[in-house]
Amino acid sequence: MLEEVSAIDQGDMIINIGPQHPSTHGVLQLVVTLNGETIKKVEPHLGFIHRSIEKMCESLTYRQFIYVTSRMDYLSSHINNHGCALCVEKGMQIEIPERAKVIRVLMDELTRIASHELWWGAMAMDLGAFTPFFLSFRERETITDIMEDTCGARLTMNYIVPGGVMVDLHPDFQRKVKAFIKLFREKADQYNELVTGNIIFQSRMKNVGVLSKEDAISYGCTGPTARGSGVNCDIRKLYPYEIYDQLKFDEVIETGCDSFSRYLVRVKEMYQSISIIEQLIDNIPEGDFQAKTKAVLKLPKGEFYTRVETARGELGVYIVSEGATTPYRIKFRSPGFSNLSALNHMAKGGKIGDLVAMMGTLDLVIPDIDR
Amino acid sequence: MTNEELKIKLTEVLPSATFEEGGEWVNLSVAPAEWKPFAHQLRATEGLDFDFLFCVTCVDWKTHLSMVYHLTSTKHRHSIVVKSKLDRTKPEIETVCDIWRTAEFHEREQAELFGVDFLNHPDLRKLILTDDFEGFPLRKDFEDPINMIKL
């Protein structure tokens with residue numbers, strides 16, 4: 001502690017941002033060293049909601065541990081469940097029915113849109129525009145209702161389980177999703193114009209929080225954060241899982257390397273997701289929604305690693321099995337943790353007022369970072 | 001590059017590496033003392049170019065600890081898994097955060113959860129746990145009678 005104090009020059013100021021500061025999106029504490037308005041260092045302090053999910057999973061069976069993972073990145077809980085289910089299926093070599101694959105992809109993409117919509121509203125609110133927050137929450141509500149019909153939950157779904165999905169789709173699913181597609185197509189351009197074209201918004205984002213391509217790779221950034229820096233890292237394209245290799249969609253890449261590029265990537269990704277949903281919604285194959293599996297799952301001895309693309313980037317699930325009903329060691333490589341590590345580098349030399357814009361475009365979800 | 005070609009290339013770089021069979025990726029073990037120079041070569045050698053460290057983990061095997069590094073090359077799209085056995089009573093390994101900067105956070109996390117000492121790491125303070133926390137919670141022999149519920 002003494003060393004740290006002496007490393008600070010005269011005239012420097014240390015301020016705490018958060019936890020529970022309106023701009024930190026959750027319980028994240030940032031200790032910022034400032035010289036005037038210029039940021040010299042940003043130190044994230046984590047762990048306010050650390051629940052040691054990895055330790056908990058060691059005493060839960062392969063059917064039970066899915067439920068805990070919904071609580072990591074709560075905005076893309078379907079995709080978290082998906083990653084874990086894939087890892088168990090890979091270990092046990094379970095082949096899942098075609099219907100389950102399509103349902104999983106549909107749910108993933110709906111989640112991605114919901115997550116990006118929430119981010120879009122929160123992002124605009126961080127920069128001082130309040131209306132987009134209400135608009136995006138209103139549209140997101142439509143997706144949450146669709147989820148509620150089928151999964152029974154609005155946030156922590158626990159719907160994708162090893163072997164398929166938990167229950168079949170609600171009879172109203174297709175009708176409601178089609179209504180949502182229509183609504184999205186109507187509103188999206190309008191909202192896009194409202195915020196993206198706004199000159200105040202643009203000038204607060206452009207050339208703020210610059211992260212070069214090399215740095216993005218070195219810091220282990222993935223997802224829209226890295227794609228805004230020109231790295232192609234979409235797991236759905238690079239290592240396709242389920243039926244992503246049969247679908248037509250583009251990997252959105254921007255090369256501006258700044259906050260505005262990361263913003264554009266997420267906005268454009270919503271359009272890609274809606275096009276994936278359009279391709280699938282009339283083509284859900286008939287059949288079982290779950291493969292026949294044993295009541296007690298036992299993974300063979302060995303190590304299994306799967307990765308999926310969540311709304312925030314690459315989620316890796318690493319299971320070390322000793323052949324028992326519970327994992328010997330499980331590790332979640334969460335996208336937010338690596339993305340956050342780039343914050344200090346991005347913020348250094350910037351202004352304190354821009355810090356919020358940088359954090360906003362990293363799209364941090366704290367339970368995902370703390371786990 | 002296929003896994004076989006990659007194995008030949010890796011043996012040229014580090015003759016003492018031992019390979020494990022199975023798994024989708026090339027799986028090799030190095031001694032902790034050899035890890036840092038090997039890591040430099042993995043990053044810099046033409047044809048390998050491992051520039052993306054995507055997962056850093058530690059596993060407690062009760063007799064020893066094992067560090068696990070997952071690496072990928074964004075240029076050639078091949079991946080490897082590097083493991084290193086550490087002594088459980090005095091786990092020490094060189095940091096690689098000057099080669100892959102993402103390692104700084106990941107190593108801090110593993111240091112507090114497993115008690116691994118990363119030599120020459122710039123800042124090994126606790127990241128997730130509170131500063132006065134004692135013990136290493138992800139080790140298999142960790143006991144906490146108050147907060148841990150045994151099923």
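User: Let's start with one residue: is A:Leu75 buried or exposed?
Analyst: A residue is buried if 20 or more other C-beta atoms, placed from the backbone, lie within 10 Å of its own, exposed if 12 or fewer, and partly exposed in between. A:Leu75 has 24 C-beta neighbours inside 10 Å, so this residue counts as buried.

User: Which pLDDT do local features need in this model?
Analyst: Residues are numbered from 1 along each chain as its sequence is written, while chains are lettered from A and ligands numbered from 1 in the order in which they are written. This is a predicted model, where totals for chains, interfaces and linings use all residues, side-chain atom pairs count only at pLDDT 80 or more, and local features need pLDDT of at least 70.

User: What is the mean pLDDT of chain A?
Analyst: pLDDT is the predictor's confidence in each residue, from 0 to 100. Residues 1-6 of chain A stay under 50, yet 96% of the residues of chain A reach 70 or more, and the mean is 86.

User: Back to A:Leu75: which residues does this residue touch?
Analyst: A:Leu75 sits in the loop between α3 (65-69) and α4 (77-92) of chain A; helices (H or I, at least four residues) and strands (E, at least two) are DSSP runs, numbered from the N terminus. Two residues are in contact if their C-beta atoms, placed from the backbone, lie within 7 Å. Leaving out residues up to four places away in sequence, A:Leu75 touches A:Ser115, A:Leu118, A:Ala311 and A:Val365.

User: Where is the kink in helix α7 of chain A centred?
Analyst: Helix α7(A) spans residues 173-196, and its buried residues are A:Val177, A:Phe180, A:Phe184, A:Tyr191 and A:Val195. What covers them includes α5 (98-126), α6 (131-151), α8 (199-205) and α12 (259-281) of chain A. The bend at a residue is the angle between axes fitted to the seven residues ending there and the seven starting there.

User: Which element gives the largest share of the side of chain B that touches chain A?
Analyst: The contact takes 26 residues from chain A and 22 residues from chain B. On the chain B side, β3 (52-60) and α3 (103-114) each supply at least two residues. The largest share, six residues, comes from β3(B).

User: In what order do the elements of chain B run?
Analyst: Chain B has three helices and seven strands, and 39% of its 151 residues count as buried. Its C-alpha atoms fill a box of roughly 50 × 30 × 25 Å along the principal axes. From the N terminus on, the order is α-β-β-α-β-β-β-β-α-β.

User: How far apart are the C-alpha atoms of B:Thr63 and B:Asp87?
Analyst: B:Thr63 belongs to the loop between β3 and β4 (64-72) of chain B. B:Thr63 has 8 C-beta neighbours inside 10 Å, so this residue counts as exposed. B:Thr63 and B:Asp87 are 24 residues apart along the chain, and their C-alpha atoms are separated by 8.2 Å.
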